[in-house]
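User: Hi! Could you walk me through this structure with a few questions and answers?

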Amino acid sequence: MSILEKGGNAFDAAAAAGFVLQVVEPHFNGLGGDVPILSYRAATDRVQVVCGQGPTPRTATIDGIRRLGLNQIPGSGLLPAVVPGAFGAWMRMLTEHGTLPLSEILDYAIGYAETGFPLPTGAAEAIEVMAPLFETEWLESGRVYLPNGRSPAAGSRFRNPALAETYKRLLREATAASGGREAQIAAAEKAFYRGFVAEAVDTFVSTTEVLDSTGRRHKGILTGQDMADWQATVEESAHIRYGDCTVHKPGPWSQSPVFLQQLALLEGFDLRGMGLNSAEYIHTVAECAKLAFADREAWYGDPDHSDVPLDILLSPAYTAERRELVGAKAATALRPGSPGGRRPHVPEYVADPVPPEREHWMSQIRNGLPTVVRATRARTDTCTIVVADRFGNMVAAVPSGGWLKSSPVIPGTGISLGTRAQTMTLEEGHPNSFGPWRRPRTTLSPSLVMRDGKPILAFGTPGGDRQDQWTLEFFLAVVEFGLDLQAATETLAFHTDHFAASFTPHESRPRVLTVERNCDPEVIEELRTRGHEVETAAEFSLGKVCAVGADPGDDLLLAAASPRGRQTYAMAR
């Protein structure tokens, strides 16, 4: 909000918030992570995607991982590290659409990293659980996250001076460059990808074996040259019409098109007639999710390296064929389709054994999710930023990766590398196969909605594989049932884990349907009679949807944030 009040636009504000989140939510994301950015720019009347998902190293091969005796790509450590894409994506967006100098964008992140901030409870819990690893193996992480050799308490003032110095050095090299604002941004990007950050990454990864989720020590394969060769790309969105709206998402290098596939399937049902959160409604939405995510498992991957038949997957004929599979009972099998008559390829995952003598934190890094694994707590990983401004611009971004339990901190930088390669398969010929210079299929999934050529809604949520279920429920609550944005963020949330999780160890729970406990008990009972294995989660525990909206006819800007997690905020003026 401070950026907007200084005269900056939505792009400036989103970037500033993105860098702050790297500091204050280190358990969810970091400067070494990734981000897809979906935006509408009024001046060009264009929706576009900035891809901040970095690729695998150029030397990445399935055989190279297999020779290490592994069945999966580890969920943590250095082996699954990819080119950190978040910094380049924010720089690309700022270059093309921002207005303020880089110093004003980075000032907030530097301030919080240098002078401190109240440590969120989730971050404190993650550090406490990871402390034995930080004390004995990931020593640089210990120097950053265990001040005075102890786990910091939730709410205590926490500083990250190493990260502050990295931001400050990037800014010093930027301001030393001759030329204007764009030249300074280019200089900062050069310092990160071809300068001191890349050099630190190259030295550490090439010379250090670190303990990872396999219970063994491995070096990584990411190099400084990999970083130097990469640049964030700008792409057209994937999109479909739903009613009088056009819904935009990133492409199939993310899971985002499952949102579009679900909408296409659901358009053939009378959702309003079913009633919001009735048993028939929840059953229908969940069964359509199963079909869309089955197609994700079989067909999604980096379209620069694989033939992803997205046009067919979103076509009316294919959708009608798939819609016929939705019955009165819960599906028990994963049923990917055969677009164009092609045979689907669903990878199988074989877990690597974990040495039983390892301590509790071994089970934590074995799971590739960012948050501490607790049986009684819902996952709320990742971050979301959505911004609308008075100029008519709208931005949605979902930053993630590079969290504090992903990989050890690179000495002298305060940065952990993102481990997104863990989402890839070691099976040859799959669209999401591990291989050189491929973007791993990310779960990160911002959304933007247009009506009559104007942006009316942008939203996102943390939640890994569940993002495109929780945000779908929010969207349907708005467009089908007329709820205002805030009420829609507060409506009942539910999801299925019928398909393999994107994160190591890629577990699935067929037929399991999770709903919040405030669901009507009669609805839960009917869902069980339909064959769902219903599990209940705490009230207001699933997802943290953030949204902004605009009423073009009234020049009115709206903001909403789910109360879940007590960390989301809506601000408007």
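Analyst: A salt bridge here is a side-chain nitrogen of Lys or Arg within 4 Å of a carboxyl oxygen of Asp or Glu. This is a predicted model, where local features need pLDDT of at least 70 and side-chain atom pairs count only at pLDDT 80 or more, while totals for chains, interfaces and linings use all residues. Residues are numbered from 1 along each chain as its sequence is written, and side-chain values use heavy atoms, with hydrogens and water left out.

User: Which residue meets Glu-5 in a salt bridge?

Analyst: Side chains of opposite charge can pair when their charged atoms come close. For Glu-5, the N to O distance in the salt bridge is 2.3 Å, and the partner side chain is that of Arg-573. The pair links distant parts of the chain, with Glu-5 in helix α1 (residues 2-5) and its partner in the segment after β18 (556-561), 568 residues away; helices (H or I, at least four residues) and strands (E, at least two) are DSSP runs numbered from the N terminus.

User: Is Arg-564 buried or exposed?

Analyst: Buried means under 20% relative accessible area, exposed over 50%, and partly exposed in between (1.4 Å probe, protein chains only). Arg-564 forms a salt bridge with Glu-516, their closest N and O atoms being 2.9 Å apart. Glu-516 counts as buried, at 0% relative accessibility. With a relative accessible area of 3%, Arg-564 is buried.

User: Which residue in β7 is the bridge partner of Val-49?

Analyst: Two strands pair if DSSP finds at least two bridges between them. Strand β2 (residues 46-52) meets this rule with β7, in the antiparallel sense, over three bridges. In β7, the partner of Val-49 is Glu-235.

User: What is the order of the strands in the open sheet of five?

Analyst: The edge strands, each pairing on one side only, are β7 (233-235) and β10 (385-388). Pairing in this open sheet is antiparallel, and the order is β7-β2-β1-β11-β10.

User: How far apart are the end C-alpha atoms of helix α9?

Analyst: The expected span of a helix is 1.5 Å times one less than its number of residues. Helix α9 (residues 181-193) has 13 residues, so it should span 18 Å. That agrees with the model, where the end C-alpha atoms are separated by 19 Å.
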